[in-house]
Amino acid sequence: MKPFLDQNFLLQTETAKTLYHDFAAKMPIIDYHNHLIPQQIAENHQFSNITEAWLYGDHYKWRAMRTNGINEHFITGKASDEEKFMKWAATVPYTMRNPLYHWTHLELQRYFGITEVLNEKSAQRIYEDCSSKLNSPDFSVKNLLGKMQAKVLCTTDDPIDSLIFHQKIRESNSDIKVFPTFRPDKAMAVDDLISFDVYVNKLAEVTNINISSIGDFQNAIRKRHDFFAEMGCMLSDHGLEQIYAEEYTEKELESIFTKIRSGRTVSHQEKLQFKSAMLIFFAHLDHEKGWTQQFHLGALRNNNDRLLRTLGPDTGFDSIGDFEQARALSKFLNKLDNTNQLAKTILYNLNPRDNELFATMTGNFQDGTIAGKVQFGSGWWFLDQKDGMEKQIDALSNMGLLSRFVGMLTDSRSFLSFPRHEYFRRILCNVLGNDVENGELPNDIEWLGQMVENISYKNASEFFGFK
């Protein structure tokens, strides 16, 4: 029987151990998509305790606690941080075979050197130990990132964000490079016309442009896109149920925008046309600047109306959706490719039934200008766990070139989530190691080691052009 979470965790063969320890483990981290708070990086935030660092905003843990029968008072309510931690610790034993069990103990080991399992018996000791360390300068936000060899981070930012904290990070000459990512979802969110109109007014204020036409609106978006580029941005991101690819004319687009701004009724078809037009507009801007566009597709969000009203969005009530993806995605990418305006693209899938669909779609639009120009992105959200990662790796391997993959990201709000890169790397090495020892791949450690290093770090560095 193997010990739990030892140095060969998830590594089942000697080849896997060699690939991980000699190649993957030493590579730095490029985390090119996350939801970290730039202010906390700029100010080198010091967490007051492990609950603040670990449980604030973590809807993965919140879902597990609710499922375990924990009252909301101890999750997002007014219970003390210590009480919330104790309820999480009591939940941890019940998360066995959920990735939270692995992540929890990896994070305790890698950041705090704690090797005992977290449960009700160990909770008080671990709370006090971790909280004490977090109060030390050695465990400030920048030092937490340094412990994981994080070299580049890309946060997720709205077009109207001032990016003031990104500016402060740049001025600090930090060893860790932090770039914004352009996330314009609210600039096409016309399902709620009142909220959209408020957003347009804020955009007008930020850009000092009087927005009365679609041309004005797009000029304002372009101005913010230019500003993000000045701040080092090289990626955009879109979180959508599915791609929108309806036909539209410029005359129709102008009419729809006029209706929106005047408060008149806009049909469902007109909303789809507007979203489709804006996606194309965003894509053209990205191509002009040589950015990479990312599309996170397939989430069915805010399923619980009662708790949405109480707690708001992003609190743990989203799930995998069953949207049709292929036809519109093909039409969208093809429209951009037809005019040679298809930027580097990463497609993230949330429904595992669509893995092969996404993997084959990327192959339709490779053009030889850059290796892996259109990428099938890493396992996302509900799929960034062992089974999900293995299935993504297998689909990409079978339908494309795993060797050109740009690798893992955290997609996280937590500064303690970076062992997910290690988790992915161990799984990758184990897959390759099993193939070697089964005689399905040659025992060419030099080449396989280079492949592992590339997927872990070097491919992303070259693909995105980070300096």
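A search of the whole structure finds 23 salt bridges, a salt bridge being a side-chain nitrogen of Lys or Arg within 4 Å of a carboxyl oxygen of Asp or Glu. The structure is a predicted model, in which local features need pLDDT of at least 70 and side-chain atom pairs count only at pLDDT 80 or more, while totals for chains, interfaces and linings use all residues. Residues are numbered from 1 along each chain as its sequence is written, and side-chain values use heavy atoms, with hydrogens and water left out.

Several of the salt bridges can be described one by one. Aspartate 185 and arginine 183 meet through their side chains at 2.7 Å, N to O. Aspartate 185 counts as buried because its relative accessibility is 18%, and buried means under 20% relative accessible area, exposed over 50%, and partly exposed in between (1.4 Å probe, protein chains only). Arginine 183 is likewise buried, at 16%.

A salt bridge also joins the side chains of aspartate 197 and arginine 261, with an N to O distance of 2.6 Å. Aspartate 197 belongs to helix α10 (residues 193-207) and arginine 261 to helix α12 (residues 250-262), so this pair ties together parts that are 64 residues apart in sequence. Helices (H or I, at least four residues) and strands (E, at least two) are DSSP runs, numbered from the N terminus. Aspartate 197 is partly exposed, at 22% relative accessible area, and arginine 261 is partly exposed at 25%.

In a further salt bridge, the side chains of aspartate 384 and arginine 420 meet at 3.5 Å, N to O. This pair links distant parts of the chain, 36 residues apart: aspartate 384 is in the loop between β9 (374-376) and α17 (386-399), and arginine 420 is in helix α18 (residues 419-437). Both aspartate 384 and arginine 420 are buried. Lys26, Glu453 and Lys458 are linked in a network of salt bridges.

The domain assignment gives domain 1 (14-45 + 149-464) and domain 2 (46-139), with bounds that come from an automatic or database domain assignment. The C-alpha centres of the two domains lie 28 Å apart. Contact, meaning heavy atoms within 4.5 Å, involves 24 residues of domain 1 and 22 residues of domain 2. The two domains bury about 2200 Å² between them, 56% of it on carbon and sulfur atoms; buried area is the accessible area (1.4 Å probe) that two parts lose on being put together, summed over both. Of the area that domain 1 buries against domain 2, His45, Leu416 and Tyr423 supply 31%, more than any other three residues. One salt bridge is counted between the domains. Arginine 110 and glutamate 422 form a salt bridge through their side chains, at 2.7 Å, N to O.

Three strands form an open sheet with parallel pairing, in the order β1-β2-β3. Strands β1 (29-31) and β3 (177-179) stand at the edges with a single partner strand each, so one side of each is left without a neighbour in the sheet. Two strands pair if DSSP finds at least two bridges between them. Strand β2 (residues 150-154) is joined to β3 by three bridges, and leucine 153 stands opposite valine 178 in β3.

Glycine 316 lies in the loop between α14 (305-311) and β7 (319-320). Glycine 316 counts as buried because its relative accessibility is 7%. Apart from neighbours within four places in sequence, glycine 316 is in contact with His59, Arg63 and Arg66. The C-alpha atoms of glycine 316 and alanine 64 are separated by 9.3 Å, although the two residues are 252 residues apart along the chain.
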